[in-house]
Amino acid sequence: MTPACKTRRPADGNHPDGSLLDTALYLAAAGVPVLPLRAGKVPFGNCPACRGNACGGRPNMKSAGPCQCPAPCHAWAAATTNPHVLTSSVWAAVWREAVAVAYHPGGAGLTVVDLDNAAAVAWARATLPATRRVPTTRGEHWLYRGAMPSANAVRPGVDIKSLMQYARWLGPGTGSMAVLPSAVRALVVKEDTTPAPGEVASSVPARAPWSREVATGCRHTERYVRTGLERGLALVRARTESGAASQAFGVARFLAAQHTACPGPCGLAAIGEEIVTAAVSVGVPEAYARRAVDNGLQATGERAA
Ligand SMILES: [Zn+2]
Ligand SMILES: [Zn+2]
Ligand SMILES: [Zn+2]
């Protein structure tokens, strides 16, 4: 989202040798729609003509309205890449009172996973693919390439900011931006949501997979175990809408039951990790997935670890 221009690259929201407007123009030139924020880091209120959405709202809002208001009205919907709008006299007055620059991630084809605190960041590190990270006051913004519906509090301390939302610009961050994974899309589950065609599947950080080396006491062939495991993982991954955790429980119980007659060990812990990873990839919180899988593995009574 940042162009190859090095000389004007702002290190943070406050351009070192210029104003918030300079930062805004820099971002707009890179195709990122921007808007000013007032004290409290929130958008400026609507102008009198637009108060209470009396104007009907802007054309790009959820219900397309006729508003062509020259002022930065309607929060995220005012975000623009048009330098003539950004430098207009109406906006100039607003920039003088602005305290920060925000951008519309969805309008730039991006999704921001807003991690509000250290616990949320730790969850992301354990669960989501690495991507570009921007430090915030108490947490981090993780930026992914691809837009999706926004939602607040999808997990404790985690907001999704993309379509119809704004995010504060806190600098370009570090790391290369990854494609929006299904693990993030699955955090915002709506009944009318269908995955976009050609959506790139997520890859949660891979843990040690099951292998013959950890199953020295298993009476089954490697192929038998692997085939059964892959079938089970596919069942879990297919639960993109709901029921992935209970499916993970069922798969864990079914697979563990195959080994009750084995002297063991059969590598059930590694099998369990693969089921957890599959559940997490379709949006099940990791701790919840782990509990479901552990319960499933132990449900047979005789556990050949
Ligand atoms: Zn309006
Ligand atoms: Zn207005
Ligand atoms: Zn076995």
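Visitor: Which residues of helix H1 are called buried?

Guide: In H1, which spans residues 20–29, the buried residues are Leu20, Thr23, Ala24, Tyr26, Leu27 and Ala28, where buried means under 20% relative accessible area, exposed over 50% and partly exposed in between, with a 1.4 Å probe and protein chains only. This is a predicted model, in which local features need pLDDT of at least 70 and side-chain atom pairs count only at pLDDT 80 or more, while totals for chains, interfaces and linings use all residues. Residues are numbered from 1 along each chain as its sequence is written, chains are lettered from A and ligands numbered from 1 in the order in which they are written, and side-chain values use heavy atoms, with hydrogens and water left out.

Visitor: What makes H1 a helix, and what caps its N-terminal end?

Guide: Helices (H or I, at least four residues) and strands (E, at least two) are DSSP runs numbered from the N terminus, and the cap of H1 is Ser19, which has a side-chain oxygen 3.2 Å from the backbone nitrogen of Leu21. A polar contact is a pair of N or O atoms within 3.5 Å; within protein, one must be able to donate a hydrogen and the other to accept it, and residues adjacent in sequence count only if both atoms are side-chain atoms.

Visitor: Why is Arg58 said to have no salt bridge?

Guide: A salt bridge needs a side-chain nitrogen of Lys or Arg within 4 Å of a carboxyl oxygen of Asp or Glu, whereas for the buried Arg58 the nearest side chain of opposite charge, Glu97, is 16 Å away, so no salt bridge is counted. The side chain of Arg58 does reach the backbone oxygen of Cys69 at 3.2 Å, and that of Cys73 at 3.2 Å.

Visitor: How do you know that strands E7 and E8 pair?

Guide: Two strands pair if DSSP finds at least two bridges between them, and E7 (residues 151–155) and E8 (residues 158–161) have two, in the antiparallel sense, so they are counted as paired. E8 also pairs with E4 (residues 110–115) in the antiparallel sense, over four bridges, and there Ile160 is the bridge partner of Val113.

Notes
Lys, Arg positive; Asp, Glu negative; His and termini not counted.
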